[in-house]
Structure formats: structure tokens, C-alpha cells
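Here is a walk through one model, from its paired strands to its ligand shells. Keep the sequence and the structure side by side.

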Amino acid sequence: MKIKLTEEEIKKLKENRGVRPHRVKFQLTNACNARCKHCNLYLIKPDVLSKEVVLKTLADLSELGGKDVDFTGGEPTTHPNFVEFIKTATDYGLNVKANTNGFLLIEKLAEGMIKAGLKELAISIDSHSAEEHDKRRCLPGGWQKAIDGINFIDKYRKKYKTNTKVILYSILSNKSYNHAPEIIDLKKIANFDEINFIPIKDIENKEDFLSKEQIEDYYQNIKPILVEKYNEYKFTGIFRTIDDPFGVIASKTEDKSTSAKYTEEIYKNLPCYITNFYAYIISDGSVVQCCVAPHHLRPEFIMGNINQQSFKEIWNSDRYNQLRQTLLKPNFEICKCCSGHHTAFNLDVHQQIKEYEKG
Ligand SMILES: C[S@@+](CC[C@H](N)C(=O)[O-])C[C@H]1O[C@@H](n2cnc3c(N)ncnc32)[C@H](O)[C@@H]1O
Ligand code: SF4
Ligand code: SF4
């Protein structure tokens, strides 16, 4: 998320008011057809956001000046109204992004998503090897379906002349990180536009985490190959997730072995502005300030529930404004679980405020 702040928005920020819900992420459901080793969502009681509540919230977002919506899960393609949500959000002028494991992405669905106006699709492929991917995701045939899904999307974005972007999401585990260059080579069989490498994080089972030595190996030996390949395939820009997926460059900390440690160093000095621009709606209807904190354990981060109140009321509530105020002072204490998803955004907003203050 990159935002150019106006003078009026900077003033609002300084008064601790929500500027606008620039990006809102909907977890349409937490149910899933996969059982990934690195994800524990399927262990939680299944919930689904209802059609009525999602449509009402999209209307609120349009009114509040929202720009982007993100449909995720669980597996969002299992939601019966998935395509209708893309269409409605697009009709409101919102840019729609969706995130899928691709298992249900048959040709008909791909065409429906493109016709409904999808702007960006993130599709998860965790290994260059079909066998490894399917094993990690407990989803036999999943790798091939995801590859086919990318190509169906490519076919229909060309047919309907949309500029829908396809981003391949791939986790970096201690077993897979050194195969990252082979993941980029999947470009030879599937026409995606960018890659987002995501270090494994936030799970109790740490067996997939990279050691400090492996992280160093990534920066010294793997990253240069990735940069070369990125240029070779003419991808549109080097993602931070290739340049600095573990936040080593940004944080300048010594111990980079887990994401929370590097983030802590940054947030000792940097306020978090995310609550002024972003919200995450969980499948039980809870509205939370970001997609990072484990909200089921931290009810103080739940700002309200769209099954009981409108999103608009929640966004403008005193409760939300109080949290905004709290986070405007560097306050890592209450966000110890932060894995730095929004660090680049916060650094950018902070810079803009400093420049405004300098005059
Ligand atoms: C929660 S999934 C939801 C969308 C869809 N089911 C999918 O797998 O793409 C969104 C992304 O988060 C990633 N993810 C899930 N758990 C993760 C973890 N512990 N660490 C890093 N990435 C994770 C997934 O691999 C996927 O790319
Ligand atoms: S497919 Fe996505 S939501 Fe489902 S278990 Fe895997 S990462 Fe989690
Ligand atoms: S967990 Fe991180 S991104 Fe979320 S509000 Fe806290 S500091 Fe901001």
C-alpha cells in the first residue's frame, strides 16, 4: 500500500482521526479446502461472512473514500458469492484484489473473475516441485491446478483486455528458500507478473523457520540470483520481499532469526499509522486494526463486529480513535506479535509527515 497524503489528511492524522479506509481486507471465510503445514486457520471454528453484510460494508467503504479491497480467506473461492462481491466492489469504483490457493480456479471461474473486474490475483505456489507443494498443502493435484488457474486468468485478461495483475505468492521456509530461483522459473510455464516471497511466520510450530545462517545465505547467495532472474524475465519491479524479505536491511538488527524481533527494533522509533488507513474484517465479522495481531487472543484489538454494527459506525467510533491515538506514539508493547507487514507503509507515511512539518 502506497499513499500520497494531502495536507488535509496529514492534519487529520495528527488529530488521531481515521483518514479513510484506503484498503480493507475481507476474510470471506476461514474455511479452506487445504491443510497447509504453515497455516492453522483450518483449526479455528469455521465462519463465513454473509452476502448481505459484505454488500452493505462495500457500500460503506465507497462512501468513506475506500480505494482497495482484498478478498482472502481461508479459501475465498469457496464463498458462494465470491464473484458477485468482485463485481459489486468494482461497480463502486474499488480496486479488487483476491488471494487463492487456485484449487477451484477452473476456466469458468477465471473468466467470471476477469469479467467482474478483478484487478489483481495473488495465487499461492510454495514450491517449484508439484509433489512438494501438494504435500505441504495436503492438496493432491493443487500445484497443477494453480498453474492452470494462472494461465486461465492470463487467457481471459487478454480476451477482455483487462490489465489484471497476477502475483505468485510463495512462502520461504528453511527447506524451500534455496529453491526460490526455480520458483521464478515457473514463469516459463505460467504467465504471472510478479513474485512475493513470504517468510514463514506467526505459527507456534517453528520447524520451518530459517536459522540466522540460512537468512545470511539468502542475502549473500540466493538474492543475487533472484534479482538476475527477475530482470531476465522483465518483471515490473523488485519487491521488498526479494530485496529484504526478513527485514534485515530495514531493521539493522543483529538477531534476524524471527520476524517479531526485527520489527520490534523498528517500532521502538516508528509510530504505526495503519489504523488510519486500513482494516481487516475477520470471517466472524470482527473488525480489527491490521492483519497481524492474533485477535482471538487480544480482544482489545477488536474494534466492533459488522454483524452487529455498520462498518461506518465502527470506523468512526471512539474506540477506534483511541487505538489510533495509542499507536501514534511508538508503542511496540501492545503489538509484540507484529511481523512487519506494514513497516514500509509506516516508514513512508512517517517520512511524508516529517517533510510536511519541516515545511
Ligand atoms: C491465509 S492464505 C489465504 C488465501 C489462500 N487460501 C491461499 O493460500 O493463497 C494467504 C497467504 O498467506 C500465506 N500464509 C499462510 N500462513 C502463513 C504463515 N504462517 N507464514 C507465511 N505465510 C503464510 C499463504 O501461503 C498464502 O499465500
Ligand atoms: S490454502 Fe490458504 S487458507 Fe488454506 S490452509 Fe493453506 S494457506 Fe491456509
Ligand atoms: S501489529 Fe504492527 S501493523 Fe498491526 S497495529 Fe501493531 S504495530 Fe501496527
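K25 stands opposite D70 in β2. The strands β1 (residues 23-27) and β2 run parallel and are joined by 5 bridges; strands count as paired if DSSP finds at least two bridges between them. Helices (H or I, at least four residues) and strands (E, at least two) are DSSP runs, numbered from the N terminus. This is a predicted model, in which local features need pLDDT of at least 70 and side-chain atom pairs count only at pLDDT 80 or more, while totals for chains, interfaces and linings use all residues. Residues are numbered from 1 along each chain as its sequence is written, and chains are lettered from A and ligands numbered from 1 in the order in which they are written.

Right-handed means that, with the strands pointing away from the viewer, the path from the first strand over the helix to the second runs clockwise.

On to β3. Strand β3 (residues 95-100) runs parallel to β2, with 4 bridges between them. Here F71 stands opposite A98. The chain crosses from β2 to β3 through helix α3 (residues 82-91), and this crossover is right-handed.

Is β2 (residues 68-72) mostly covered or open? It is mostly covered, with 4 of its 5 residues buried (20 or more other C-beta atoms within 10 Å of a residue's own, C-beta atoms being placed from the backbone). F71 touches F26, L28, P76, F82, F85, V96 and A98, leaving aside residues up to four places away in sequence; contact means C-beta atoms within 7 Å.

F71 is also among the residues with the most contacts inside the largest nonpolar core, which has 79 residues. Such a core is a set of buried Ala, Val, Leu, Ile, Met, Phe, Trp, Tyr and Cys residues joined through C-beta atoms within 7 Å. Helix α6 (residues 142-159) gives the most to this core, with 6 residues.

Now the ligands. Of the 17 residues around ligand 1, C39, N99, N101, S124 and Y169 come nearest; a residue counts if its C-beta atom lies within 6 Å. β3 and β5 (165-172) each supply at least two residues of this shell. C39 and N101 are also among the residues around ligand 2. The shell around ligand 2 divides into 6 nonpolar, 3 polar and 3 charged residues. Around ligand 3, C272, C290, V292, C335 and C338 come nearest of 11 residues. That shell has 9 nonpolar, 2 polar and no charged residues. Ala, Val, Leu, Ile, Met, Phe, Trp, Tyr, Cys and Pro count as nonpolar, Asp, Glu, Lys and Arg as charged, and the others as polar.

Note on methods:
A residue is buried if 20 or more other C-beta atoms lie within 10 Å of its own, exposed if 12 or fewer, and partly exposed in between; C-beta atoms are placed from the backbone. Two residues are in contact if their C-beta atoms, placed from the backbone, lie within 7 Å.
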